[in-house]
Amino acid sequence: MSNARRAVSQQPAASDKQESAIHSLYMESVHLLERLHRRLLDVVKDEFERNGRSDINAVQALLLFNIGDSELTAGELRTRGYYLGSNVSYNLKKMVDMGFLHHQRSRVDRRSVRVSLTQKGKDVAAIVSGLYQRHIGSIEQVGGIGPEEFQQMNRALQRLDRFWNDTIAYRM
């Protein structure tokens, strides 16, 4: 058999191997993303339990942290963060009722409600911020993840986000 024929007959096998490798790596990444989000919620929940706070759950605390000093609608908040298995509008209403949020109808679109943090909400956001600051201070030494790894990971995650967004937009 000639070298050209041998190369052609080996291409599908190499292509199948690469597809198989990508398959297992892609599935591992999907599972890691799901697990990491759940783990983040566990870390936030643990922080509030250590502070003797049972008045708010981890998803609500992350919502408050992501609102920060802004005044946002539920839709704007949804695009800022991923709140696994949560109903953002329900949580916002509940946090208004519990005194963590101010709410006001938009002057432009009366159907839209804008929310901002009360002092009680700012206190919760500060706890999450303090948690993140502690992590930032120790992640390189304890976790072994430095700036270069974060840059590489963030670039890969941004490309995956863009791919998934294109998958939806272009129905791929």
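How many salt bridges does a search of the whole structure find? The search finds eight.

**View 1. Confidence along the protein chain of the predicted model.** The chain averages a pLDDT of 88. At least 70 is the score of 89% of the residues. Helix 5 has the highest confidence, with a mean of 97. Helix 3 has the lowest, at 78.

View 2. Two or more lining residues come from each of helix 1 (3-50), helix 2 (58-67), helix 3 (74-80), helix 5 (119-143) and helix 6 (147-169). By class, the lining has 23 nonpolar residues, eleven polar and six charged.

**View 3. Helix 2 and its two ends.** Of the ten residues in helix 2, eight are buried, so the rest of the structure largely encloses this helix. The buried set is Ala58, Val59, Gln60, Ala61, Leu62, Leu63, Leu64 and Ile67. At the helix start, a side-chain oxygen of Asn57 comes to within 3.1 Å of the backbone nitrogen of Val59. Just after the helix, Gly68 adopts a positive phi of about 55°.

**View 4. The salt bridge between Arg134 and Glu47.** The N to O distance is 2.8 Å. Arg134 belongs to helix 5 and Glu47 to helix 1, so the pair ties together parts 87 residues apart in sequence. Arg134 is partly exposed, at 42% relative accessibility. Glu47 is buried, with a relative accessible area of 9%.

**View 5. The salt bridge between Lys93 and Asp97.** Here N and O lie 3.3 Å apart. Both residues sit in helix 4 (residues 88-97), separated by four residues, about one turn of the helix. Lys93 has 54% relative accessibility and counts as exposed. Asp97 is exposed too, with a relative accessible area of 57%. In a further group, salt bridges with shared partners join Glu71, Glu76 and Arg114 into one network.

**View 6. The salt bridge between Arg53 and Asp55.** The closest N and O atoms of the two residues are 3.0 Å apart. Asp55 is partly exposed, at 33% relative accessibility. Side chains of opposite charge can pair when their charged atoms come close.

Definitions and conventions
Residues numbered from 1 in each chain as written. Predicted model: local features only at pLDDT ≥ 70, side-chain atom pairs only at ≥ 80, totals over all residues. Heavy atoms only, no water. Nonpolar A, V, L, I, M, F, W, Y, C, P; charged D, E, K, R; others polar. Buried < 20%, exposed > 50% of the residue type's maximum accessible area, 1.4 Å probe, protein only. Polar contact = N/O pair within 3.5 Å; in protein donor to acceptor, adjacent residues only side chain to side chain. pLDDT = per-residue confidence, 0-100. Salt bridge = Lys/Arg side-chain N within 4 Å of Asp/Glu carboxyl O.
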